[in-house]
Amino acid sequence: MHQRRPYPRVQSGEDLQNLAPVRIVEVAGSGRQISLADGEDPYDAAERFMSAHPWDTRFRYLTVQRFELPPRPGWDLHAWASHVTCQAVDTLESGQAVRCSLVPHSDGVDHATRLLRDGQVVGVHYWSTKSP
Ligand SMILES: [Zn+2]
């Protein structure tokens, strides 16, 4: 598990256009995703994956841009906590357990929860789980 910011916050469409896209090879039918490093060839990544999983021969090459909109001032985030959430668990460096507060998501990779202190959002914690 590691912390990163897979969904950079943007304030406008112009901000969005200035972000570098994320390149992914997705394994068809399983939802597994292979994130590509800068300059990494998607064909090579798919071949490496297939050498360990010979039955997986179909892939999708995706170029995506993930982003997050800023929460609106005055929103009561506690009121929103009653919606159904992903509930994936991570542990902060402090030892505090946190649960993913996103709606259930199919990528299964990037989880997030807002960090609250005295009812105020003080940050967002992101983490990933490895595909089995
Ligand atoms: Zn999640």
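Visitor: Before I look at single residues, what makes two strands pair?

Guide: Two strands pair if DSSP finds at least two bridges between them. Strands are DSSP runs of E with at least two residues, helices are runs of H or I with at least four residues, and both are numbered from the N terminus. Residues are numbered from 1 along each chain as its sequence is written. This is a predicted model, in which local features need pLDDT of at least 70, side-chain atom pairs count only at pLDDT 80 or more, and totals for chains, interfaces and linings use all residues.

Visitor: Which residue in β3 is the bridge partner of Val-25?

Guide: Val-25 has Tyr-61 as its bridge partner in β3. Strands β1 (residues 22-27) and β3 (residues 59-64) run antiparallel and are joined by 6 bridges. On to β2 (residues 33-35): 3 bridges join this strand to β1, again antiparallel. Ile-24, for example, has Ser-35 as its bridge partner in β2.

Visitor: What lies between β1 and β2 in their hairpin?

Guide: There are 5 residues between the strands, and Gly-29 takes a positive phi near 90° in this hairpin.

Visitor: In what order do the strands sit in the sheet?

Guide: The order is β2-β1-β3, in an open sheet of 3 strands with antiparallel pairing. Strands β2 and β3 are the edge strands, since each pairs on one side only. From one strand to the next, the twist averages 25°. Helix α2 packs on the sheet, touching β1, β2 and β3, and its direction makes about 35° with that of β1. Here, contact means that the C-beta atoms of two residues, placed from the backbone, lie within 7 Å. For the angles, axes are lines fitted to C-alpha atoms, for helices over the stretch in contact, and angles run from 0 to 180 degrees between N-to-C directions.

Visitor: How is confidence read, and which element has the lowest mean pLDDT?

Guide: pLDDT is the predictor's confidence in each residue, from 0 to 100. The protein averages 83, and 85% of the residues score at least 70. Helix α3 (residues 77-80) has the lowest mean among the elements, 62, while helix α2 (residues 42-52) has the highest, 96.

Visitor: Is Val-98 buried, exposed or partly exposed?

Guide: A residue is buried if 20 or more other C-beta atoms lie within 10 Å of its own, exposed if 12 or fewer, and partly exposed in between. Val-98 is partly exposed because 18 other C-beta atoms lie within 10 Å. Val-98 is found in strand β5 (residues 97-99).
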